[in-house]
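Please keep the sequence and the model in view while reading.

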Amino acid sequence: MFGTQSRREISHEFQPSMQYWKPSIHTRRANIVVKFQDLYGFTVEGNVDDVNVLNEVREKVRQQGRVWWALEASKGANWYLQPQISSISESVASLKLSSVANSIVLKRLIRKGIPPILRPKVWLSVSGAVKKRSTVPESYYNDLISAVEGKTTPATRQIDHDLPRTFPGHPWLDTPEGHASLRRVLVGYSFRDSHVGYCQGLNYVAAMLLLVMKTEEDAFWMLAVLLENVLVNDCYTPNLSGCHVEQRVFQDMLAKKCPRIAAHLEDMEFDVSLVATEWFLCLFSKSLPSETTMRVWDVLFYEGAKVLFHVALAIFRVKEEELLMTSQIGDIISILQRTTHHLYDPDDLLTVAFDKLGSMTTNAITKERKKQEPAVMAELDQRLRRLNSIKVDDESPSVSPVAPR
Amino acid sequence: MTFYINEEQMEDYLFKIVLIGDSAVGKSNLLARFARDEFYSNSKSTIGVEFQTQKIDIEGKEIKAQIWDTAGQERFRAVTSAYYRGAVGALLVYDISRRQTFDSIGRWLNELHTHSDMNVVTILVGNKSDLKDAREVSTAEGKVLAEAQGLFFMETSALDSSNVSAAFQTVVKEIYNILSRKVILVQEHKKQDTSWMENGKTIVLQGETNHEADSRTWRAKCCSS
């Protein structure tokens, strides 16, 4: 057990850098592209304006930190943690009252951002990961990792292909140590839920979780609670049916919340899945700058999967006018990709997402999902039948390399 | 619907070409090499859709090819009907150092045919030809499969650049040739239907009924590497 015990202690040294990036004289000129590291160590290529925006974001993160510390001072440390059954003591009624009040404060606070240093603790609590972990023996993760060591499956093979291709160049993720940690989390999960196994996209999600949570085990539980509780079911299963359902729900919402764009896209026969597949599977981690992604995840873990719709709609909304001018599908994709990559200020996106689109209740979304599900299943089924019929028609099974006619 | 275009208009059009094949066969690097002459030993695995537009000179005419790239893992195949829409060319890629990726070619062909019509100009591409010592699929096997399926064939290396441009150019040139033939056709049927002119800019290739019989033959050419 010694070996696995030590593995549990592995936590990387990667710390969010809070230093200001100071442009040198040469880079103060406009239009000069400079490379620098963002809060989470990702290399960003941008101009001086982008640098300034990122410095402002750093300052806002500090200020937001001060707001959290002030609240800790007045409400007590850990006031934001979800009440545990065991901690209910004296008066249940008064606890309920204070927890309702706290949850209102917390919701507002989380939408403004969780300080990076508090993220591990707050995410574990508000997402339900702590609760999930408490239902299994403490040694669960270590036992799982040692049990699956050395096993090869289609999932592990795909994971091995993707390790060096997950945020290449990152100062910690793209090191032998980073690869090994990411591998253990992904392989461990692929055995926990062998139906999901491994789906491309999870590599980016798990990598970001490792950067934030600092320990593999916490990253693993965040991954588990995401797939099993926070996101819609079957998002990453072999037919990605949950992901298909989300795309259709999103399409429907776009028509309701941004009717002009939706109509224009329909005229152009633009399918939202061309851009939204990556958003929903990587939870924006491959599209948005790191701190913006983290701000989305702050809210995602507290408010649930509806947040993904808010954010996806907001991305379309902030570029509404530009999108309405397009006449080619490729231009739509380019605009949206360029936009997401440059959303360095999280508030630019989140203000639109939560204040300018009206409310969307989880209930309404659940209802809409139920409505879309049969159509998605029928479509997937039809696709399989079509593929099978081709195979039957084709006399020479094309998998055979030697098929002379 | 069948669209015809005339020669002057050809330059304004985009040929949509899709890259397909198993995960990690080098689709994104083929695109990076072709469009930007770049190669990354590790580039981010593709999840959604990426594309690049590249100008290609064919017989003194400038043609724009829009090349689309997407995820290769099997479960993504069902997300991609929009990916194939409007494609007139395809590069069907496997890795010569991993037989499994070659064995998947049949399934990728089925996928291509369910999403688009049979006339998509397709080239079978055996990538990573620089990995000579690790080769698991011989050039001859690739050729035989391509001939049996009526595909063009080439072995490429995105790493050392060999044949990368040639593979894309083969597809673009063939699309161009088919369209040129249609230009002649449209001159014969002149003024019967001019509504096509106002149609969208993306080219749709469709075999005429009377040409269906030989549609396989004109694709059954083989360019050796």
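Two strands are said to pair if DSSP finds at least two bridges between them; helices (H or I, at least four residues) and strands (E, at least two) are DSSP runs, numbered from the N terminus. The model is predicted, so that local features need pLDDT of at least 70 and side-chain atom pairs count only at pLDDT 80 or more, whereas totals for chains, interfaces and linings use all residues. Residues are numbered from 1 along each chain as its sequence is written, chains are lettered from A and ligands numbered from 1 in the order in which they are written, and side-chain values use heavy atoms, with hydrogens and water left out.

Strand β5 of chain B, residues 121–127, pairs in the parallel sense with two strands of that chain. With β4(B), residues 89–95, there are seven bridges, and B:Y94 has B:G126 as its bridge partner. With β6(B), residues 152–155, there are four bridges, and B:L124 stands opposite B:F153.

Seven of the seven residues of β5(B) are buried, that is, under 20% relative accessible area, with exposed meaning over 50% and partly exposed in between (1.4 Å probe, protein chains only).

In chain A, A:L173 lies in the loop between α7 (154–162) and α8 (176–192). Why does A:L173 count as buried? Its relative accessibility is 3%. Leaving aside neighbours within four places in sequence, A:L173 is in contact (heavy atoms within 4.5 Å) with A:F42, A:F167, A:G178, A:H179, A:A207 and A:L211. The C-alpha atoms of A:L173 and A:A207 are 7.1 Å apart, although 34 residues separate the two in sequence.

The buried residues of α17(A), among them A:I332 and A:L336, pack against elements of both chains, including α15 (306–318) of chain A and β3 (61–70) of chain B.

Between the chains, 48 residues of chain A are in contact with 43 residues of chain B. The buried area, the accessible area (1.4 Å probe) that two parts lose on being put together, summed over both, is about 4000 Å², 55% of it on carbon and sulfur atoms.
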